[in-house]
Number of protein chains: 2
Amino acid sequence: MTEAEALERLRKFATDPAARGLADDAALFEGLVITHDSIAEGVHFLSEDPAGSVGWKLVAVNLSDLAGKGATPAAAVLSLTIGSDSIWDEAFLTGVEAACASYGLPLIGGDTIALPDGAPRVFGLTAIGRAGPRTPSRGGGKPGDQLWLVGSIGDSAAGLALLLGDRKAAGLLVDSYRRPVPQLIAGRMLAPHANAMMDVSDGLLLDAQRLAEASGCTATIDLDGLPLSKAFVAERGNGLAARLFAGTGGDDYALLAALPADLDPLSLSLPSGTSIRCIGSLGADGGILRLVSKGKPVALPETLGHEHHGNSASTVAGRT
Amino acid sequence: MTEAEALERLRKFATDPAARGLADDAALFEGLVITHDSIAEGVHFLSEDPAGSVGWKLVAVNLSDLAGKGATPAAAVLSLTIGSDSIWDEAFLTGVEAACASYGLPLIGGDTIALPDGAPRVFGLTAIGRAGPRTPSRGGGKPGDQLWLVGSIGDSAAGLALLLGDRKAAGLLVDSYRRPVPQLIAGRMLAPHANAMMDVSDGLLLDAQRLAEASGCTATIDLDGLPLSKAFVAERGNGLAARLFAGTGGDDYALLAALPADLDPLSLSLPSGTSIRCIGSLGADGGILRLVSKGKPVALPETLGHEHHGNSASTVAGRT
């Protein structure tokens, strides 16, 4: 079963308004934004990844979903698997603790299970946030909105590529893969103004397509506008192929917001050092996603990002 | 790492009052009772179990935690793994749907991941309930309280034993293992009166010991008072060995409540057909757990129930 098929089946009974049609990354239940992301060894993290970074990442990817809805962290419930390697387990929990402490997320409960010997580790977290004055969905974008991206993209995918070539690789790109940073403050400041917003975790192009589709608009992305880090450019360059790699790599935990054209987010006093860049716009031109570079159309790549298929999980890549 | 070690580590930072010291089955967050239970193939369910029953069980074991706190189901978030067997996945979701519909639990969100080929299936659910006027913990029992058990015990363990002998076994006991029934209404009616309450999932004797320890009391259990079903007695008899098997088997999803001695729960108009039985009492005699039968002390069995160890998950049994 593919993720799309699972969602279709779930929508038949997840009809409560809090579910928002399962069209969003999070539920909105009585003023609380609720999300759950699981990560599995060999799918979302590498067996060789330091245990502490795995714990950090579990918390961070969930906080990124809260950031995408402009919510403030309030509580979390951990689904923990324990194994025979106590040192690993201890380091994992230290990573969970560090991320919870860094972002003010109180851990309030959970469950501990042991898996059969040799099974890949699987961890889950339910994160609960307090909704702000508005909780933007994916689906509220309007023709004429500008698409803004908070954070940079491609670093994590480049880091993963380095690790797949050499499991001992290190550096900024590898750190981006292992220790993503949720854009909580920017999310909270943008949410009241955003017609649509979501975190970018499965690949910018795929997530932009989802936002556009949910909004009934066409997203046009200017590949030349994608924010690439110095470390990324040093590793991959900044040509069209590199930009398509960055736009489809996934695991970025950036934010994508559709803002009215008359709003300049630079006027919002985002935290200093926040990278925010206009990367395109929404229109009503027909189609869902269009790419341009140097003013000319660019054909969509075959794969826009990471979709979750029940029978294709064996390639390692980050996707939540 | 054992579950006890994991809890000890988590308590170092799960210091928010909502966590209740991680000494309970559920958190209490702003009027909401929040719990998470995961189930794994080969640990909490058998590979041969019908997929629909696995989905049912995932929901039911979480609702049982809400029942133990007297909460009313309000929302759930599903952690779903999908595989290449779409028929299995579809049947699993149908089981989830049936349990949600049966107990009025709205599914409002979740996450879908694919696991590496050959990995055991793992599912999780975060269940959110509305707290009643009182949310009893494990730790409020007082000397002189009577211990009452809602539901019967041993059926599920007897069903599992049948299945381990013959994967095609069927009947009431197997049904109890596969499709537990959360005692939601009884839990809601008892909670305002209970000094301590919890659901019995890891084995009555182990869970009674936990309640007694948290309450700083001695629990005395009269093995002759254990409620055994006709089907259980037909399969296992009702002698001391059978009673110890029932008391340690686990996966019962019964409720254990410490009620003041002057309260007769039979006066509470529990739903017709509810089995409730006084099985012992709390005292201040020293020690944590004592067993009696025919008025005489019975030595504690070596194992009181299922504890979760990181290195002993390969025996299949239900435990959440």
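**Chains, strands and core**

Visitor: Through what rotation is chain B superposed on chain A?

Guide: The superposition leaves an RMSD of 0.0 Å, with 0.0 Å of shift along the axis; copies are fitted by least squares on the C-alpha atoms of residues with pLDDT of at least 70 in both. This is a predicted model, in which local features need pLDDT of at least 70, side-chain atom pairs count only at pLDDT 80 or more, and totals for chains, interfaces and linings use all residues. Residues are numbered from 1 along each chain as its sequence is written, while chains are lettered from A and ligands numbered from 1 in the order in which they are written. The rotation that carries chain B onto chain A is 180°.

Visitor: As by what kind of axis are the two copies related?

Guide: Two copies of a chain are related by a rotation about an axis and a shift along it. Here the rotation is 180° and the shift is 0.0 Å. The copies are therefore related as by a two-fold rotation axis.

Visitor: Which residue of chain B comes closest to the rotation axis?

Guide: The C-alpha atom is the reference point, and the distance is 2.9 Å. The residue of chain B at that distance is B:Ala119.

Visitor: Which element supplies the largest share of the side of chain B that touches chain A?

Guide: The contact takes 61 residues from chain B and 61 residues from chain A, two residues being in contact if their C-beta atoms, placed from the backbone, lie within 7 Å. Several elements each supply at least two residues of that side of chain B, among them helix H1 (3–11), strand E3 (72–82) and helix H3 (86–103); helices (H or I, at least four residues) and strands (E, at least two) are DSSP runs, numbered from the N terminus. The largest share is eight residues, from E4(B).

Visitor: How many residues on that side of chain B are nonpolar?

Guide: Ala, Val, Leu, Ile, Met, Phe, Trp, Tyr, Cys and Pro count as nonpolar, Asp, Glu, Lys and Arg as charged, and the others, Gly among them, as polar. The side of chain B that touches chain A has 19 polar and ten charged residues. Its nonpolar residues number 32.

Visitor: Which are the edge strands of the open five-strand sheet in chain B?

Guide: The sheet has the order E1-E2-E5-E3-E4 with mixed pairing, where two strands pair if DSSP finds at least two bridges between them. Pairing on one side only marks the edge strands, E1 and E4 of chain B.

Visitor: Which residue in the turn between E11(A) and E12(A) has a positive phi?

Guide: E11(A) runs parallel to strand E8 (residues 218–222) of chain A, with four bridges, and antiparallel to E12(A), with three. A:Ser293 has A:Lys296 as its bridge partner in E12(A). The hairpin has two residues between its strands, and the phi of about 50° belongs to A:Lys294.

Visitor: Is A:Ile87 buried or exposed?

Guide: A:Ile87 lies in helix H3 (residues 86–103) of chain A. A residue is buried if 20 or more other C-beta atoms, placed from the backbone, lie within 10 Å of its own, exposed if 12 or fewer, and partly exposed in between. Because A:Ile87 has 9 C-beta neighbours inside 10 Å, this residue counts as exposed.

Visitor: How many residues does the largest nonpolar core hold?

Guide: A nonpolar core is a set of buried Ala, Val, Leu, Ile, Met, Phe, Trp, Tyr and Cys residues joined through C-beta atoms within 7 Å. In the largest one, A:Ala76, A:Leu256, B:Ala76 and B:Leu256 touch the most other members. The residues in this core number 206.
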